[in-house]
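Visitor: Hi! Could you walk me through this one, starting with the packing?

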Amino acid sequence: MYVRVALCQINSSVGDIEGNAKKIIEFSKKAKEGGAKIICFPELALCGYPPEDLVFNTKFIKEQKEALESIKEISDNVVIIVGFVDLEEDIYNSAAILCNRKIYKYKKIHLPNYGVFDEMRYFSSGNEKLVLQTQDNVKIGISICEDIWHPTEPLFSLTIEGGAEIIANISASPYHISKPKMREDMMKIRAADYSSYILFCNLVGGQDELVFDGTSSVISPWGETEARAPLFKEHILIKDIDITQVYIKRVHDPRRRTEKPSPDSKLKIINLDLSITQKDGETKGKIYDFPKWEEEVFQALVTGTRDYIFKNRFSKALIALSGGIDSSLTACIATEAIGSENVLGISMPSQFSSHHSVEDAEILSKNLGIKFLKIPIMRIYDAFMNELSELFGGTPFSSAEENLQARIRGNIIMTISNKFGHIVLACGNKSEMSVGYATLYGDLAGGFAVIKDLYKTDVYKIAKFYNEMKGKEIIPKRVFEKPPSAELRPNQKDEDDLPPYKILDAILKLFIEKDTPPEIIEKVVGVDKQTIKRVIEMVEKAEYKRRQAPPGIKISSRAFGKDRRMPITKKIDCILKF
């Protein structure tokens, strides 16, 4: 006995209920044409995820209920599962189950409140598990995202008490490096433990600092991946699943015979006026491969950049090209995201800029096919210094003069942005952001920071991957070879002010992403205490800068912002005592 299922991983836009509803109807019709009987959409697909404080607007919720009425009109002879925000006695993160023009609801039980998640701020928890039973006795358990990350409930009640052969899990699980595989490995354990099929339908696309990878999948009761959708693309995965495999697996698993549901378990079974099984399974579904991590990260950055630009109603982007690796990679990502015809690169040399930096920026622009401008800043800098000469008289050249150059550049690109409507893409990486090696209102200026969560050592790896992917030298070889430099004073190198990036990044990854104590960092990285203390002090002192930096795409397990929330004003002596 087979059931044909469809997982529709769509790119919803937060707040665009009408547009999202049209997309859901369009994808549902295609799934129905493909013969699917169970059609899944992601968590909060109708309103977009995360909606944040929009949920406090009653009109926002009312429009979703109205949209569900239009979607139910195409629910004849199928089960359509769609995530939405519901308001009853409280606000709930819910799934609407639409079948034969009727609407049933399930309320999410486990609300994540860690990392980037704030669901307890917005939603109340549901307390009732839900199983759908068809006329041909197929049972479908409903769950939403976090529900399946818990090893016991609601899966225990859905499968042991309710007998569900299929667990539909609609999800908005954001991306970080290696998460798609890690998440699927967890699903395999759940499917095998509960001897059930898992239909995992995940959101795809960018929303502010989050990016969702999709990677929707069908997992068998044996814990095997039978089908997987591609990363970072809208897709309909249609697959015939063999329900008899559930019975075969369950008779070989004696654990079910002794497990008993909790006495306070609340399980609701809804009988649907619908038969969904078929004799043969002709549609096997494809398994798209997990790419290597460089490609995975690059796709995430392109997706997040594209959606941030277009969803915020920009069409063109502007990048200050220094001739260095960071701005070069940012330009490559922007070109892939929105097309070379929509990207403008500007070189703004000062008296400290090397000839090769300007040349490399121009070569890169030509290789990418983007428009290139050169706007020297020497005369503007001299005008500033002339006006400040009386005040600055007798003082040595310092970071004030260095940062002035960066702020002049920031003014130029923001003025061009205002004039022609380009969004400015900032080029700072995570290593620089961490320790404050950036200028407020200078190179931190911009609307979006593309590589904000990518360490400097990884910037080089992704840039190298890009050239390999293109099969030619897009980013000039010299950009990889020259020592990183802000070029704000004669013969300046980043390592004059910072530890070598290999050491710096090793310290930062342990301290920022894992809260590793300094004494453990010392043992793991093998550097002296003073270097570790200096790096930690720089990280903590730079919090005020990071709060004023543009948003950027989260690709690590712990990014600055919602992931890591540190007070600006604080004393850190306790951290440094080791």
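Visitor: Which residues does Leu454 touch, not counting residues up to four places away in sequence?
Guide: Leu454 touches Val297, Leu301, Leu329, Asn429, Lys430, Ser431, Val459, Ile462 and Ile555 with those neighbours left out. Contact here means heavy atoms within 4.5 Å. Before we go on: this is a predicted model, where local features need pLDDT of at least 70 and side-chain atom pairs count only at pLDDT 80 or more, while totals for chains, interfaces and linings use all residues. Residues are numbered from 1 along each chain as its sequence is written, and side-chain values use heavy atoms, leaving out hydrogens and water.

Visitor: Good to know. Which residues touch the most other members in the largest nonpolar core?
Guide: Leu425 and Leu454, out of the 44 residues in that core. At least two residues each come from α8, β17 (317–320), α9, α10 (355–368), β20 (423–426) and α14 (456–470). The largest share is that of α9, with eight residues. Another core, of 41 residues, lies apart from this one and has Ile25, Ala31, Tyr49 and Ile71 among its members.

Visitor: And what counts as a core, or as a helix?
Guide: A nonpolar core is a set of buried Ala, Val, Leu, Ile, Met, Phe, Trp, Tyr and Cys residues joined through side-chain atoms within 4.5 Å. Buried means under 20% relative accessible area, exposed over 50%, and partly exposed in between, with a 1.4 Å probe and protein chains only. Helices (H or I, at least four residues) and strands (E, at least two) are DSSP runs numbered from the N terminus.

Visitor: At what angle do the axes of α8 and α9 cross?
Guide: Roughly 65°, and the axes of α8 (residues 293–311) and α9 (residues 325–338) come within 8 Å. On the α8 side, the contact is made by Phe298, Leu301, Val302, Thr305, Arg306, Ile309 and Phe310, and on the α9 side by Ile333, Glu336, Ala337 and Ile338. These divide into eight nonpolar, one polar and two charged residues. In that count, Ala, Val, Leu, Ile, Met, Phe, Trp, Tyr, Cys and Pro are nonpolar, Asp, Glu, Lys and Arg are charged, and the others, Gly among them, are polar. Axes are lines fitted to C-alpha atoms, for helices over the stretch in contact, and angles run from 0 to 180 degrees between N-to-C directions.

Visitor: Switching to sheets: in what order do the five strands of the open sheet come?
Guide: The order is β19-β18-β17-β20-β21, with parallel pairing. β19 (371–374) and β21 (448–449) are the edge strands, each pairing on one side only. Two strands pair if DSSP finds at least two bridges between them. β17 and β20 run parallel and are joined by two bridges, and Ala317 stands opposite Ile423 in β20.

Visitor: Which strands does α9 lie across?
Guide: β17, β18 (343–347) and β20, and α9 runs at about 170° to β17. α10 lies across β18 and β19, at about 160° to β19.

Visitor: Why is strand β9 described as largely enclosed?
Guide: Because six of the six residues of β9 (residues 197–202) are buried. Tyr197, Leu199 and Cys201 point one way, and Ile198, Phe200 and Asn202 the other. β9 pairs with β8 (residues 166–171) in the parallel sense over six bridges, and Leu199 is the bridge partner of Ala168.

Visitor: What is the phi of Arg313?
Guide: Positive, about 65°, although Arg313 is not a glycine. Arg313 lies in the loop between α8 and β17 and is exposed, with a relative accessible area of 73%. Asn77 has a positive phi of about 65° too; Asn77 is in the loop between α2 and β3 (79–87) and counts as partly exposed at 45% relative accessibility.
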